[in-house]
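The following paragraphs walk through a single protein chain, from its overall build to a few individual residues. Please keep the sequence and the model in view while reading.

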Amino acid sequence: MLDIIVLGSAAGGGFPQWNCRCANCARAWAGDPAAPPRSQSSLAVGGESGWFLLNAAPDLRQQIAATPLLQPSEGARHSPIAGVVLTNAEIDHVAGLLHLRERHPLSLYATLRVHQALDGNPMFNALDVAAVRRHPLVLDEPVDLVLPEGKKSGLSVRPFAVPGKVALYLEDASAGDNFGSQGEDTVALEVSAGSTSFFYVPGCAEITPSLADRLRGATLVFFDGTLWRDDELIAGGVGRKTGGRMGHISMSGEHGSIASFANLGVRRKIFVHINNTNPAIVADSPERARLVDAGWEIADDGMRITLPEQPVHS
């Protein structure tokens, strides 16, 4: 059995974004029930032996406060959070680590590139290495997630590279069109417990043939839902970058995620990391209706999913 909690479903900045009154955010600020607030993207996976966060959003303290299963329940100091697995070094995925700085034992998993980004910022020295053990993720190699005391948790992850780009604050304009991006900068995860597994792909710029083959027939995929269309921020007058420039595929279009997943046979498809400008973030929008008709869901903060053990065929 595999327990999953969506801690946050919005992209960087959350929803509504603090300084935005785009059409969607205006409805959220007004308390429109079709546009409920969302915190920044993160999942928790695990159960009785401990919970692991998949990315640590800046909103982590708020997310813990909203999730009783992640709150301390015994002794003077306690947390059921056993560790964190990072998919990139973007601020909206690593800033929440600073909420975990009270010398609480944790396991921290990331690629060497992401660990190097954290090590290069002295602020993250607040995560004392004597308490927070760093574990490297190697592309396409499964790793058992361990509890702080070293015992196996029963969960494993297999990281794999997906099209994307280096974190914004690490971009090197002199390095060409990809700003110095490498394969370890943006990864997705296959998360497993026994015979049960799902995929977590919160950032992805393109669905390549190899990625399509990997996801084909999956039980559950959480996928990058940042934008509805590539020029969304420009058209809305709130930004200058396309989705492709930011490392995110669009939901719509001939090569968008909805069309690309149409023949993959994925049993359950859920969009996460949804930007405040995406019209599909609003429940009564035509765009939401289109994605629902195509068999997709939009994640909500607090959504909980339990995947049962899959039968093993001899």
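A residue counts as buried when its relative accessible area is under 20%, and as exposed when that area is over 50%. Phe222 has a relative accessibility of 0%, so it is buried by this rule. The model is predicted, and every value below is computed from it.

Phe222 belongs to strand β11, which covers residues 221-224. Beyond its neighbours up to four places away in sequence, Phe222 touches Ile4, Val6, Leu43, Phe198, Phe199, Tyr200, Val201, Ile270, Val272 and Ile305. The C-alpha atoms of Phe222 and Ala10 are 13 Å apart, while 212 residues separate the two along the chain.

The whole chain gives the setting for this residue. The chain contains nine helices and 14 strands. For 314 residues, a compact globule would have a radius of gyration near 20 Å, and the value of 19 Å for the chain agrees with that. The C-alpha trace spans about 50 × 50 × 45 Å along its principal axes. Of the 314 residues, 52% count as buried. Among contacts with a separation of 6 or more, 69% come from residues 24 or more positions apart.

Aromatic rings come next. Rings of Phe, Tyr and Trp are paired here if their centres lie within 6.5 Å, and the count comes to five aromatic pairs. Phe160 and Phe199 form one of them, with 6.0 Å from centre to centre and 75 degrees between the planes, an edge-to-face arrangement. This pair links distant parts of the chain, since Phe160 is in strand β8 (residues 152-161) and Phe199 is in strand β10 (residues 196-201), 39 residues apart. Phe160 and Phe199 are both buried.

How are the rings of Phe271 and Trp296 arranged? Their centres are 3.8 Å apart and their planes are at 10 degrees, so the pair is stacked. Phe271 and Trp296 are both buried. Together with Phe223 and Phe261, Phe271 and Trp296 form one aromatic cluster.

Glu190 is part of strand β9 (residues 187-193). Is Glu190 buried or exposed? Its relative accessibility is 19%, so it counts as buried, given that the cut-off is under 20%. Not counting residues up to four places away in sequence, Glu190 touches Ser156, Val157, Arg158, Phe160, Ser197, Phe198 and Phe199. Both rings of the edge-to-face pair, Phe160 and Phe199, are thus on the contact list of Glu190.

Asn24 is another polar residue to look at. Asn24 sits in helix α1, and its relative accessibility of 10% means that it counts as buried. The C-alpha atoms of Asn24 and Asn276 are separated by 6.6 Å, although the two residues are 252 apart along the chain. Leaving aside neighbours within four places in sequence, Asn24 is in contact with Phe15, Ala35, Asn276, Thr277, Asn278, Pro279, Ile281 and Val282.

The last topic is backbone geometry. Most residues other than glycine have a negative phi, and most peptide bonds are trans. Phe15, already named as a contact of Asn24, is joined to Pro16 by a cis peptide bond with omega of about -5 degrees. Pro16 is placed in the loop between β1 (2-8) and α1 (23-29).

Arg103 and His273 are not glycines, yet Arg103 has a positive phi of about 55 degrees and His273 also has a positive phi of about 55 degrees. Arg103 is in the loop between α3 (91-94) and β5 (106-111), and with a relative accessible area of 52% it is exposed. His273 is in the loop between β12 and α9 (286-293), and at 5% relative accessibility it counts as buried.

Conventions. Residues are numbered from 1 along each chain as its sequence is written. This is a predicted model: local features need pLDDT of at least 70, side-chain atom pairs count only at pLDDT 80 or more; totals for chains, interfaces and linings use all residues. Side-chain values use heavy atoms; hydrogens and water are left out. Helices (H or I, at least four residues) and strands (E, at least two) are DSSP runs, numbered from the N terminus. The radius of gyration is taken over C-alpha atoms; the globule rule is 2.2 Å times the number of residues to the power 0.38. Buried means under 20% relative accessible area, exposed over 50%, partly exposed in between (1.4 Å probe, protein chains only). Contact means heavy atoms within 4.5 Å. Rings of Phe, Tyr and Trp (its six-membered ring) pair if their centres lie within 6.5 Å; planes under 30 degrees apart count as stacked, over 60 as edge-to-face and the rest as tilted.
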